[in-house]
Structures are given as C-alpha cells and as structure tokens.
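Subject: Structure handover

Hello,

Here is the structure for you to look over. My notes come after it.

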Amino acid sequence: MLNFTFHNPTQIFFGEDQIAAIAKEIPADAKILVTYGGGSIKTNGVYEQVSNALKEHNWIEFSGIEPNPQYDTLMKAVEVVKTEQITYLLAVGGGSVVDGTKFIAAAARFEGDEPWDILAKHAQVEDAVPLSCVLTLPATGSESNIGSVVTRGTTKLAFMSPHVRPIFAVLDPKVTLSLSERQVANGVVDAFVHTMEQYLTFPVNAKVQDRFSEGLLMNLIEEGPKALATPDDLDVRSNVMWSATMALNGLIGAGVPQDWSTHMIGHELTGQYGMDHARTLAIILPAVMKVQREQKRGKLIQYAQRVWHLFDGTEDEVIDQAIAKTEVFFKAMGMPVRLSDEDLDAASVETVLAQLELHGMTALGEHGDMTPEVSRNVLETAL
Ligand code: NZQ
Ligand code: ZN
C-alpha cells in the first residue's frame with residue numbers, strides 16, 4: 001500500500017426529509033447565495049423544502065447553472081457574491097451545480113489575474129467562500145470531495161482544492177425519484193467508472209481499498225439495472241446514492257495508484273460533442289481495458305474473479321469475458337459503448353487527440369505511459 005493522508009470532514013445528512021437539517025447547520029448570521037440549475041428543483045419539491053428550511057435565514061438565489069457548468073455563467077454568480085457580500089454558498093442540484101458552486105466559491109476569493117487560471121494554470125486556491133450542498137443527482141461524488149469540473153466553450157478542465165470541499169451534504173434519496181431514466185443511468189455508470197479509475201491499475205496489496213471498491217462495483221452492477229426497472233424503489237435509490245458518494249470521497253483512492261485516463265479523454269468528448277459525461281466514460285473505459293491490458297493484467301484478473309466470478313479458462317479468456325461483461329452492463333444501463341453508437345467516426349479521433357495535446361494530457365494513466373499514440377489506440381479501439 002502507498003503512503004497516504006485521509007481526511008474527509010464533509011458532514012453527511014442521509015435519508016428522507018433530511019433537507020430540514022440545513023436550518024441549524026448554516027450560521028444564523030450568514031448571507032447565503034442558494035445556487036441551482038435549470039429548474040428541476042422547482043418542480044420536484046426540493047426548492048420548497050430548502051425555502052422552508054431557510055425561512056429564518058437571509059438568502060438570495062442564483063439559477064441557470066448548466067449541466068457541464070459554463071465559466072461565463074459562474075462568473076456572473078461571482079459578481080453577485082461580491083456585490084451582495086455573500087458569506088455562504090448552498091448548492092442545490094447535481095454534480096454540475098455543486099462543481100459550479102465550488103468554482104464560484106474559489107473565484108470570489110481569488111486574488112490572481114483571472115479566475116480561469118485556477119483551471120487553466122492550476123493557480124493556487126488560497127481561500128474560498130464556505131459552501132454546502134443539497135445533492136439531487138447521485139453520480140459525481142462532488143458532494144463530499146475537493147474536485148470541480150468547469151467548461152469554457154469547448155474546453156473542460158478540473159481543479160482541486162480542500163477549500164471547496166462542502167461543509168455538509170444532504171443526501172435524500174427521495175429527491176432522486178424525479179430523475180429521468182437517462183440521468184439515473186448516467187449516475188450509476190459515472191460512479192462505476194470512478195471506482196474503476198481508482199481500482200483497475202496495478203496491485204499494491206491494498207486489501208481494504210480493493211475490497212471496498214469491489215463491493216461498490218458489485219452494488220452498482222446489482223442496483224443499477226433495478227433503478228431503471230423499478231424506478232420507485234427507494235431502497236435501490238439509497239444504495240445507488242451512497243455508493244456514488246463512497247466511490248469518490250477519497251476513501252477507496254487513498255494509498256493506491258489511480259488512472260483517470262478514461263475521464264480525461266471523456267472530458268474532451270463532452271467538450272467537443274456535448275455528450276453526457278457518463279456516456280463518454282462507457283465508450284472509453286472498455287477501450288482502455290483492452291489497450292492497457294498488459295499494464296493492468298493483475299487487476300483485470302482480480303476484477304474478473306472477484307466482481308464477475310469468472311474462473312474458467314485461461315487468464316486471457318477470463319480478462320476478455322470481464323471486459324465483455326462490463327460492456328453488457330453498460331448497455332443494460334442504456335449506454336453507448338462505441339463512438340459509432342454516438343455517430344462519431346475516425347475524424348473524431350483526430351479532434352480529440354488535438355484537444356488532449358492542447359490540454360497537456362500527454363502522459364495519462366497510472367504509469368503516465370499513455371502518450372498521444374496510446375490515446376489514439378484507445379480512441380480507434382472505441383470506434
Ligand atoms: O439543471 P437542473 O434543472 O437541476 O437539471 C439537471 C440537469 O439537467 C437534472 N437533475 C438533477 N437533479 C435532478 C434533475 N432532474 C430531475 N430531478 C432531479 N432530482 O439532471 C441534469 C444533469 O445534471 P448534472 O448536474 O449535469 O449531472 P451530474 O451530477 O452527472 O454532473 C455532471 C458534471 O459533474 C462533473 C462532470 O464532468 C459534469 O460536468 N464531474 C465532477 C466530478 C467531481 N466534482 O468530482 C467528477 C466527475 O467525474 C465528473 O467529471
Ligand atoms: Zn465522472
């Protein structure tokens with residue numbers, strides 16, 4: 001196991017009607033900006049629950065944060081934070097609203113030239129407006145992690161800072177019942193791939209992390225299709241929601257090598273073609289498993305045996321079956337598994353490669369050995 005420091009102080013309020021808890025968690029003298037997206041919270045009762053909980057507080061709102069939150073929109077919120085002297089941000093929505101609010105929090109206190117540098121030049125985030133969230137879409141883990149992904153035009157970049165980790169996160173599985181089938185599926189697959197990016201590398205004898213990861217993968221394989229087949233089942237939603245948080249809250253990634261190449265290539269596909277985040281991952285991950293098969297051999301066999309219970313055949317046959325089963329699972333979740341499923345052809349390979357090089361993504365993977373040539377191989381395998 002590698003050395004690590006683990007610290008995740010986000011307080012989780014999990015379960016039905018937990019939104020009411022925010023009343024006593026946000027300081028009474030705070031000037032709050034409630035941020036949200038395109039309005040789903042206005043039709044599923046979440047806005048009303050938040051308003052009720054905040055009735056004794058001083059708050060205003062900022063709406064219109066898009067899926068894949070756009071820099072220009074977020075900078076409008078930064079202006080509001082400054083002019084209204086906001087002291088606390090409450091994000092109410094999915095990963096995009098939470099990520100966008102993390103950026104607003106950091107940008108409002110940024111003292112460098114331009115807040116875009118936080119993303120484009122990894123400018124240090126020294127401070128941020130305190131923030132918390134009410135999560136409405138289980139997927140990203142953003143509700144208790146330090147990451148944020150922001151888009152400017154066709155460029156999608158991430159930053160990380162402990163200053164933007166939510167102080168608390170409300171996770172009420174009931175509010176996920178209004179999600180479309182597509183968003184439910186996206187969430188399950190995103191959480192699955194987060195787990196894989198921290199698990200499917202090379203063995204370092206990290207038994208706790210490995211077995212936690214395998215448990216999360218098995219839960220998502222089991223509960224994901226149920227969330228589509230029986231969409232009113234709150235037990236299923238609860239298990240999906242907690243799995244997604246645990247998949248990217250730092251726990252399973254502590255002390256192990258990490259990959260993230262699927263995400264980096266996927267971000268370029270979203271930036272260029274507007275594809276949903278999870279759909280890009282379902283296309284790229286199987287191709288990474290095929291192309292990086294030798295580097296990942298030990299973990300691929302472990303994955304095949306422990307997650308899919310595949311023991312018959314040679315090592316290579318077992319690996320092939322595990323990759324095939326992963327694709328079958330993604331398809332059962334309504335995902336594309338090839339670029340051609342999204343009507344993309346060989347021209348997209350060149351476009352994505354050019355963007356990866358532009359963004360310095362030329363040494364990806366757990367060994368840093370995914371050069372542009374290897375990424376080309378991945379993209380061509382995914383055609
Ligand atoms: O905008 P509204 O009206 O709220 O609608 C949203 C949006 O259209 C809707 N939605 C959310 N909760 C709902 C709901 N509709 C009905 N009922 C509800 N309860 O769902 C749509 C998609 O929302 P979005 O927030 O974009 O989805 P998701 O949570 O999948 O977030 C995706 C973003 O997170 C980033 C992705 O790159 C992408 O930009 N990621 C962030 C990560 C992190 N911070 O650690 C890691 C991830 O790998 C990922 O990259
Ligand atoms: Zn993701």
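This is a predicted model: local features need pLDDT of at least 70, side-chain atom pairs count only at pLDDT 80 or more; totals for chains, interfaces and linings use all residues.

Ligand site. The shell around ligand 1 holds 35 residues. G37, G38, P67, G94 and G95 come nearest. By class, the shell has 24 polar, 9 nonpolar and 2 charged residues.

Annotation. An unreviewed UniProt entry marks residues 185-358 as "domain: Fe-containing alcohol dehydrogenase-like C-terminal". Over residues 185-358 the chain is 71% helix and 0% strand. The end C-alpha atoms of that stretch are 31 Å apart.

Core. In soluble globular proteins, nonpolar side chains tend to be buried together. Here the largest nonpolar core has 108 residues. L89, V92, I104, V188 and V189 have the most contacts inside it. Helix α11 (residues 277-291) gives the most to this core, with 10 residues. Domain 1 (11-174) and domain 2 (181-381) each supply at least three residues to the core.

V92 deserves a look on screen. Setting aside neighbours within four places in sequence, V92 is in contact with V34, T35, Y36, I41, V46, V50, V97, V134 and T136.

Best wishes

Methods: Residues are numbered from 1 along each chain as its sequence is written. Chains are lettered from A and ligands numbered from 1 in the order in which they are written. A residue is near a molecule or strand if its C-beta atom, placed from the backbone, lies within 6 Å of it. Ala, Val, Leu, Ile, Met, Phe, Trp, Tyr, Cys and Pro count as nonpolar, Asp, Glu, Lys and Arg as charged, and the others, Gly among them, as polar. UniProt positions are given in the numbering used here, feature names are shortened, and annotations may be inferred rather than shown by experiment. Helices (H or I, at least four residues) and strands (E, at least two) are DSSP runs, numbered from the N terminus. A nonpolar core is a set of buried Ala, Val, Leu, Ile, Met, Phe, Trp, Tyr and Cys residues joined through C-beta atoms within 7 Å. A residue is buried if 20 or more other C-beta atoms lie within 10 Å of its own, exposed if 12 or fewer, and partly exposed in between; C-beta atoms are placed from the backbone. Domain bounds come from an automatic or database domain assignment. Two residues are in contact if their C-beta atoms, placed from the backbone, lie within 7 Å.
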